Amino acid sequence: MIPAGKKLMKLLSIELPVIQGGMAWISDHSLASAVSNAGGLGVIAAGNLDPEELREEIIQTRRLTDRPFGVNIMLLSPRAGELVDIACQEKVPVVTTGAGNPGPFMERFRCHGVKVLPVVASAGMARRMEKLGADGVIAEGMEAGGHIGKVTTMTLVPAVADAVTVPVVAAGGIGDGRAMAAAFALGASGVQIGTRFICTFECTAHTKYKERILNASELDPVVTGSSTGHPVRSLRNGLTRRIEELEREGAGFEEIEKIAVGALRKASREGDVNNGSVMAGQVCGIIKEINTVEELIGKLMEEAKKTIDSLGGKGLW
Ligand code: TUI
């Protein structure tokens with residue numbers, strides 16, 4: 001039998017079963033190339049970019065690594081179709097999608113030889129994606145930062161693993177080797193890690209954003225926007241309090257959107273972590289230091305192996 005992790009590594013031609021989450025305004029060529037150079041799959045987030053800016057990020061990434069990398073397309077973006085075209089023209093090896101159904105783009109990806117791993121928030125969606133030709137699926141639990149679904153990683157990953165035959169990548173709440181080992185126990189072939197990669201030297205997010213994550217407990221990320229149908233997890237601050245107040249007053253999507261637009265840039269690029277959106281997952285409770293990407297991935301793999309070995313099946317009960 002092929003070991004679980006090898007299925008994903010073979011599919012993506014990578015050395016380690018680790019994918020970096022595509023985080024808008026955060027995952028640029030610097031972080032993506034570092035992750036790919038360390039043996040994982042680095043991912044450029046297209047979420048905040050114009051099509052030509054995305055092309056430039058792809059070119060920059062290729063200057064810094066000769067290994068496979070990916071582009072994340074956030075499907076709520078009004079320019080998603082144009083961004084898909086750039087990813088196809090540039091023949092990026094892998095696309096991950098989020099926050100929607102990539103069905104309308106699947107044929108375009110297939111024609112250009114782009115492998116697709118959609119984020120799914122239910123087993124039903126995973127099944128639909130497999131039928132549409134997805135090469136793998138990312139089962140992202142609601143512990144994650146940013147835009148989230150309704151199901152936890154602990155319950156979503158096994159449900160998705162039972163539903164499809166393509167490799168399943170676990171995401172949401174994974175920040176160390178223990179969680180990585182747990183993801184394999186749940187039936188995953190690999191992990192996608194977002195928040196933990198923000199606390200690396202190669203990540204170009206503002207230092208204040210990284211410091212907020214380092215100082216946060218697992219209780220600090222809160223969910224706002226549920227009333228609008230677009231729940232987002234970010235660290236409790238002036239912005240989340242203002243949104244909560246608006247939601248209590250019954251404000252609609254447009255009104256909330258007005259103060260949310262630009263908020264992620266404000267926090268991640270300008271360092272305004274009180275009025276900006278500091279999107280981060282619940283895993284920030286265990287993040288205590290900034291590392292190089294290579295150091296972090298080395299620690300993750302070593303700890304995952306140690307955890308799996310120590311669970312070896314003897315003497316636990
Ligand atoms: O997409 C994400 N995380 C994100 S996107 C983002 S940018 C943003 N900014 C402001 C407001 C909203 C977004 C920040 N973080 N993760 C992937 C993800 N996809 N999580 C959940 C889903 C998802 C949920 C439901 C995917 C598909 C789905 O159903 C789709 C359908 O139409 O059936």
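Leucine 316 lies in the segment after helix 14; helices (H or I, at least four residues) and strands (E, at least two) are DSSP runs, numbered from the N terminus. The model is predicted, so local features need pLDDT of at least 70 and side-chain atom pairs count only at pLDDT 80 or more, while totals for chains, interfaces and linings use all residues. Residues are numbered from 1 along each chain as its sequence is written, and side-chain values use heavy atoms, with hydrogens and water left out.

Leucine 316 counts as partly exposed, at 44% relative accessibility (buried means under 20% relative accessible area, exposed over 50%, partly exposed in between; 1.4 Å probe, protein chains only). Together with Leu311 and Trp317, Leu316 forms a nonpolar patch on the surface, with about 440 Å² of accessible area. Such patches are made of residues with over 30% relative accessible area and no salt bridge, nonpolar side chains (Val, Leu, Ile, Met, Phe, Trp, Tyr) being joined within 5 Å and like charges within 9 Å; areas come from the Shrake-Rupley method with a 1.4 Å probe.

Turning to the helix itself, Val293, Leu296, Ile297, Leu300, Ala304 and Thr307 of helix 14 are buried. They cover an arc of only 100° around the axis, which puts them on the same side of helix 14; the arc is that of the directions from the helix axis to the C-beta atoms. The face turned away from this buried side carries the exposed residues Glu294, Glu302, Lys305, Lys306 and Ser310. Among the elements that cover the buried residues are helix 2 (29-37) and helix 8 (177-185).

Another buried residue is valine 160, with a relative accessible area of 0%, found in helix 7 (residues 153-163). Not counting residues up to four places away in sequence, valine 160 touches Val120, Ser122, Ala123, Ala126, Val137, Ala139 and Val168, where contact means heavy atoms within 4.5 Å.

The structure holds 14 salt bridges, each a side-chain nitrogen of Lys or Arg within 4 Å of a carboxyl oxygen of Asp or Glu. One of them joins the side chains of glutamate 15 and arginine 67 (3.5 Å, N to O). This pair links distant parts of the chain, 52 residues apart. Arginine 265 and glutamate 270 also meet in a salt bridge (2.4 Å, N to O). Salt bridges that share partners join Glu52, Arg55, Arg62 and Glu90 into one network.
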